[in-house]
Amino acid sequence: MKRYINKTFNLLLIIQCLFLNISVFGQEVDYFSNNALGNPIVGHAGEYYKGVTYVTYQGEKEDPYVAAYNHKTKKWTGPYKAGTSLLGKKPGKIDNHGKPTLVVDGEGYIHIVFGGHGGSPEMGKNPLGNYNCGKQIHVVSKRPMDISSWEVVDNLTPFATYSQFIKMDNGDIYLFFRHGAHRSNWVYQVSKDNCKTFSPLKSIVKAKPTAPTKICNDVYDSWYLDFHKGNNNDIMVAYNYHVCQNMRPHTSERHNCYYMKLDTEKDEWYNVEGEALEMPVTKEYADKKTIVINTGEKWGHIGRATVNSEGHPHVYWYDGEPNHSNHGGPKKITNYHWTGKKWSGNDTNLPVEGRGDLRMGDHPSMYYLLGYNEGESSKVAWWNSKNAGKSFSKGEALIEGKGPTFKLSNFIRNAHPDARIIATQKIEGTDYSKVFLLGDQGPIKRLKKEADILINN
Ligand code: ZN
């Protein structure tokens, strides 16, 4: 009898273990990977193409990683390492400037550009700016719609920071970047043959020496630009001005909001009044022709320019108090739109330090998707306005949890409603983040054993 009870007990134990194992192996999590490093995503980091969403982020050792989600089979693939950056190979501070940007070309090949933080003098002379480190690198998938193997394409300058792809409706692919470190022009080039070749570089804004300030003699006009596909052939640009003072610590003092657009059909730049601009734009010319608002003493970060349903531009940026010891005080979103005659706008009741992207509804409706913290809770939620951004009310949350603030990409290109945006959240006590793909149904889940690439986190 005793033996029988023991046997039954052992059998139950085995069944219980099996069940536990199955439930561990079958457990699903909200994230699809956990090896993103530092501040891991750039704006244009994802695209939906023929049933699959492709995403890229900065992973271990600052190398670019790519994952894909098939919406039909509901299967994840990757992440795969797509290339090797010069950045992130020494222990210490994470550079964070060479985050990868992604585009799918007309034949289904996936392109990633990454790794630039200005380049260095041993790579030759930088004709359009100064140096720092890293190298802009272009890789392409060896097969269409297959992220498992990659090769380097040597057809770009090494001197670049903040590389960003924009794809037009006709398949033309634009690449924008700053041609070096802080004291460099921002430039663009276009490929009309699926990134096999690119047109010669053209400068957009000019970096140049300027008058001394109260605290520094060696001062340059410098810039930060954000690029967004508008209607038809337009690429819209929101930008601000960085007073680049050669001193330590180097402050991130940035002012004003400027707007202009590129008509890609004509390859001409225009201000909001439709006046063709002489390129590249200098500080003096920008103040005269393209300024939206002079923000005075305030320090800002660039937001984005988009177009409302009436065809007029709408711009937003992040505005805060100056703080010479770091990146400035906490920032709030400020909105302006062009009425047809003038810029009109205000600061908002959106969450302080909330960051994200903006979708325009029928004017005057608009919707921000923001990552922010509210008390103990961190979330990604919609904020809706029916009055062109004068006031907002909180809408649905796509994800809600505890811990550090979710950081967001731009809206994914050609997005599927189930996969609108990439989000990352830092794993506390580490330099790594979990990566999420969020849409109208919340996060796209994945088996824990597949998502946990770094097991020790
Ligand atoms: Zn600077």
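This is a predicted model: local features need pLDDT of at least 70, side-chain atom pairs count only at pLDDT 80 or more; totals for chains, interfaces and linings use all residues.
Biologist: Which domains does the domain assignment of the protein chain give?

Modeller: The chain is divided by the assignment into two stretches of residues. The C-alpha centres of these domains lie 50 Å apart. The assignment names them as domain 1 (1-30) and domain 2 (31-456).

Biologist: How many residues does the contact take from domain 1 and from domain 2?

Modeller: The area buried between domain 1 and domain 2 is about 780 Å². Carbon and sulfur atoms give 57% of that area. The contact draws on six residues from domain 1 and 12 residues from domain 2.

Biologist: How do the residues of the side of domain 1 that touches domain 2 divide into nonpolar, polar and charged?

Modeller: Across this interface the rule finds four residue pairs in polar contact, with both residues at pLDDT 80 or more. On the side of domain 1 that touches domain 2, the residues divide into two nonpolar, two polar and two charged.

Biologist: With which residue does D30 form a salt bridge?

Modeller: Side chains of opposite charge can pair when their charged atoms come close. Across the interface of domain 1 and domain 2 the rule finds one salt bridge. For D30, the closest N and O atoms of the pair are 2.6 Å apart, which is within the 4 Å cut-off. The partner of D30 is K445.

Biologist: How many residues apart in sequence are the parts that K445 and D30 tie together?

Modeller: A search of the whole structure finds 25 salt bridges. The side chains of K445 and D30 meet in a salt bridge. K445 is in the loop between β32 (442-443) and β33 (446-447), while D30 is in the loop between β1 (28-29) and β2 (33-37), so the pair ties together parts whose separation in sequence is 415 residues.

Biologist: Which residue in β9 does V113 stand opposite?

Modeller: Strand β8 (residues 110-117) pairs with strand β9 (residues 133-143) in the antiparallel sense, over six bridges. In β9, the residue opposite V113 is H138.

Biologist: Which residue in the turn between β9 and β10 has a positive phi?

Modeller: β9 is also joined to strand β10 (residues 146-153) by five bridges, and the two run antiparallel. Within this pairing, V140 stands opposite E151 in β10. β9 and β10 form a hairpin with two residues between them, and the turn residue with a positive phi, about 55 degrees, is M145.

Biologist: What is the bridge partner of G356 in β26?

Modeller: Strand β25 (residues 355-360) and strand β26 (residues 366-374) are paired in the antiparallel sense over six bridges. The two strands form a hairpin with five residues between them. In β26, the partner of G356 is L370.

Biologist: Where is P249 found?

Modeller: The peptide bond from R248 to P249 is cis, with omega near -5 degrees. P249 is found in the loop between β17 (234-245) and β18 (254-263).

Biologist: What value is phi of K50 near?

Modeller: K50 lies in the loop between β3 (46-49) and β4 (52-58). Its phi is positive, in a residue other than glycine, and is near 45 degrees.

Methods: Residues are numbered from 1 along each chain as its sequence is written. Side-chain values use heavy atoms; hydrogens and water are left out. Domain bounds come from an automatic or database domain assignment. Contact means heavy atoms within 4.5 Å. Buried area is the accessible area (1.4 Å probe) that two parts lose on being put together, summed over both. A polar contact is a pair of N or O atoms within 3.5 Å; within protein, one must be able to donate a hydrogen and the other to accept it, and residues adjacent in sequence count only if both atoms are side-chain atoms. Ala, Val, Leu, Ile, Met, Phe, Trp, Tyr, Cys and Pro count as nonpolar, Asp, Glu, Lys and Arg as charged, and the others, Gly among them, as polar. Two strands pair if DSSP finds at least two bridges between them. Helices (H or I, at least four residues) and strands (E, at least two) are DSSP runs, numbered from the N terminus.
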